[in-house]
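Here is my note on the model you sent. Please keep the structure open while you read the points.

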Amino acid sequence: MKNVKKIIALVMCAVMLVGVSVTGTLAFLTATETVNNTFTVGKVNLGGDDGSAGLDEAKVDEYGVEVQGADRVQANEYKLIPGHTYTKDPTIHVGSDSEECYLFVKIENGIEAIEATGDTTIAAQLAENNWEVYDDECEDYTIYVYKDKVCTVDSTAQDVLVFSSFTLCEDAVVADYADACVVVTAYAVQSDGLTQDEAWDALAEKYPA
């Protein structure tokens, strides 16, 4: 009988030891951490933070006089008069959430032949506003590139003026230009990882002239 009790006692001790062993393993202090990568998509954004267009100009009357208080527009109509100066201020708006980018513009100047000479020409104003000729091989238009990369510093939208006005020469035969147009087309492409030439090649492939 004593032997039986001794055996039972030994078995109970063994069970208790196992229990202590298991309990001890579960009581170890542990910790874990995870690095969780999240991604957003960068973009080049032409457009004002107020939802305005990426390229617009002041609203003017037919004589090129700005209409005060009017919203900016993407088209105006002009009555051509020799020697007259007209407000036309196409401006590119790069959104505050845009990545650093190159800017290009295509200028189709249908009144170039009757512009007054000097620093009032559209071409002269482009040069004054930090634009340089990138490609002028086509007789119908000229491509300009903005000399500086455009960066929305501190998440602030950037406005880039193309030119401000145009002036007709005093002996302009305006009757021959009743259907003439000055068309400005703006392009933007990321500058990160691209040279200026590579950027234009990417644009030309996506937006062939």
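1. Start with Lys 149. Its relative accessible area is 45%, so Lys 149 counts as partly exposed. The cut-offs are these: buried means under 20% relative accessible area, exposed means over 50%, and partly exposed is in between (1.4 Å probe, protein chains only). Lys 149 sits in the loop between strand 6 (142–146) and strand 7 (158–161). Helices (H or I, at least four residues) and strands (E, at least two) are DSSP runs, numbered from the N terminus. Now look across to Gln 190. Lys 149 and Gln 190 are 41 residues apart in sequence, but their C-alpha atoms are 9.2 Å apart in space.

2. A word on the model. It is predicted: local features need pLDDT of at least 70, side-chain atom pairs count only at pLDDT 80 or more, and totals for chains, interfaces and linings use all residues. Residues are numbered from 1 along each chain as its sequence is written, and side-chain values use heavy atoms, with hydrogens and water left out.

3. Next, the overall layout. The protein chain has 3 helices and 9 strands. Read from the N terminus, the order is α-β-β-β-β-α-β-β-β-β-β-α. The chain has 209 residues, and 31% of them count as buried.

4. Ile 92 belongs to strand 3. Its relative accessibility is 0%, so Ile 92 counts as buried. Which distance separates the C-alpha atoms of Ile 92 and Leu 55? The answer is 4.6 Å, although the two residues are 37 apart along the chain.

5. Now the charges. Side chains of opposite charge can pair when their charged atoms come close. A salt bridge here is a side-chain nitrogen of Lys or Arg within 4 Å of a carboxyl oxygen of Asp or Glu. How many salt bridges does the structure hold? There are 5.

6. Take Asp 56 and Arg 72. Their side chains meet in a salt bridge of 2.7 Å, N to O. The pair links distant parts of the chain, 16 residues apart: Asp 56 is in strand 1, and Arg 72 is in the loop between strand 1 and strand 2. Buried or partly exposed: which is Asp 56? Asp 56 is buried, because its relative accessibility is 7%. Arg 72 comes to 34%, so Arg 72 is partly exposed. There is a further partner: Asp 56, Arg 72 and Asp 89 are linked in a network of salt bridges.

7. Then Glu 57 and Lys 88. The side chains of Glu 57 and Lys 88 form a salt bridge at 2.9 Å, N to O. Glu 57 lies in the loop between strand 1 and strand 2, and Lys 88 in the loop between strand 2 and strand 3 (91–94), so the pair ties together parts 31 residues apart in sequence. Glu 57 is buried at 5% relative accessibility. Lys 88 is buried too, with a relative accessible area of 8%.

8. Compare Glu 62 and Lys 79. In this salt bridge, the closest N and O atoms are 3.7 Å apart. Both Glu 62 and Lys 79 lie in the loop between strand 1 and strand 2, 17 residues apart. Glu 62 is partly exposed at 37% relative accessibility. Lys 79 is partly exposed at 39%.

9. Patches are made of residues with over 30% relative accessible area and no salt bridge; like charges are joined within 9 Å, nonpolar side chains (Val, Leu, Ile, Met, Phe, Trp, Tyr) within 5 Å. Tyr 63, Val 65 and Ile 81 make a nonpolar surface patch of about 230 Å². Such areas come from the Shrake-Rupley method with a 1.4 Å probe; for residues, only the protein chains shown count as cover. Tyr 63 lies in the loop between strand 1 (55–56) and strand 2 (85–87). Tyr 63 is partly exposed, because its relative accessible area is 33%.

10. Check the backbone at Asn 130. Asn 130 has a positive phi of about 80 degrees although it is not a glycine. Asn 130 lies in the loop between helix 2 (122–128) and strand 5 (131–135). Its relative accessibility is 21%, so Asn 130 counts as partly exposed.

11. Last, the cysteines. The structure holds 0 disulfides, a disulfide being a pair of cysteine sulfur atoms within 2.5 Å. Cys 138 is partly exposed at 28% relative accessibility, whereas Cys 169 is buried at 16%.
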